[in-house]
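This report describes a protein chain in terms of its contacts, core, surface and salt bridges. The sequence and the structure are shown first.

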Amino acid sequence: MEINNPEVLADVTAAFERYEVALVTNDVAVLDELFWNSPHTLRYGATENLYGFDAIRAFRAGRPAAGLARTLGKTVITCYGRDFATANTEFHRSGSDRTGRQSQTWLRTPEGWRVVAAHVSLLA
């Protein structure tokens, strides 16, 4: 299995960066687009466990749009073959001294790269 094929890594990195822009600007349409539309998709958030695309979409639609700006650090994207990747990053929100962590599992689908599993947590 090829790890971090440069073309695949560039594609996943672009999808990850597009997701990040959508997240901090609360572009719900793009966030919905980038999650796999499946009951198998899941997202564990800092305060919620969401099972299935419909639950994730409902959460995004009801989430407050204020205070979303953040700075990323130590981002690691790894591609395994041509159709599977992970993206992990640390983040800091303005006005908080807590470090957040975000993990995403990406899958190449016929529609493009999609998040199939995500986890967000904050260190104490």
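Ala85 touches Val12, Thr78, Cys79, Tyr80, Gln104, Thr105, Trp106 and Trp113, leaving aside residues up to four places away in sequence; contact here means heavy atoms within 4.5 Å. The model is a predicted one, in which local features need pLDDT of at least 70 and side-chain atom pairs count only at pLDDT 80 or more, while totals for chains, interfaces and linings use all residues. Residues are numbered from 1 along each chain as its sequence is written, and side-chain values use heavy atoms, with hydrogens and water left out.

**Core**

Ala85 also belongs to the largest nonpolar core, which has 22 residues; Val12, Tyr19, Phe35, Ala85, Trp106 and Trp113 touch the most other members. Such a core is a set of buried Ala, Val, Leu, Ile, Met, Phe, Trp, Tyr and Cys residues joined through side-chain atoms within 4.5 Å. At least two residues of this core come from each of α1 (6-24), α2 (28-34), α3 (53-62), β3 (70-80), β4 and β6 (112-122). The most is given by α1, with 7 residues. Helices (H or I, at least four residues) and strands (E, at least two) are DSSP runs numbered from the N terminus. In soluble globular proteins, nonpolar side chains tend to be buried together.

Gln102 is found in strand β5 (residues 100-109). Its relative accessibility is 4%, so Gln102 counts as buried; buried means under 20% relative accessible area, exposed over 50%, and partly exposed in between (1.4 Å probe, protein chains only). The side chain of Gln102 makes a polar contact with that of Arg70 at 2.6 Å. A polar contact is a pair of N or O atoms within 3.5 Å; within protein, one must be able to donate a hydrogen and the other to accept it, and residues adjacent in sequence count only if both atoms are side-chain atoms. Beyond four places in sequence, the residues that Gln102 touches include Phe16, Tyr19, Leu23, Ala87, Phe91 and His119.

**Salt bridges**

A salt bridge is a side-chain nitrogen of Lys or Arg within 4 Å of a carboxyl oxygen of Asp or Glu. By this rule the count is 6, and the table gives examples.

| Pair | N to O distance |
|---|---|
| Glu7 and Arg82 | 3.5 Å |
| Arg18 and Glu33 | 2.8 Å |
| Glu48 and Arg43 | 2.5 Å |

Glu7 lies in helix α1 and Arg82 in the loop between β3 and β4, so this pair ties together parts that are 75 residues apart in sequence. Arg82 is partly exposed, at 39% relative accessibility. The second pair links Arg18 in helix α1 to Glu33 in helix α2, 15 residues apart. Arg18 is partly exposed, with a relative accessible area of 37%, and Glu33 is partly exposed at 32%. Both Glu48 and Arg43, by contrast, are buried.

Two residues other than glycine have a positive phi. For Asn4, in the segment before α1, phi is near 60 degrees. For Lys74, in strand β3, phi is near 55 degrees. Asn4 is partly exposed, with a relative accessible area of 29%, whereas Lys74 is exposed at 67%. Ala10, in helix α1, and Cys79 are 69 residues apart in sequence and 9.8 Å apart in space, C-alpha to C-alpha.
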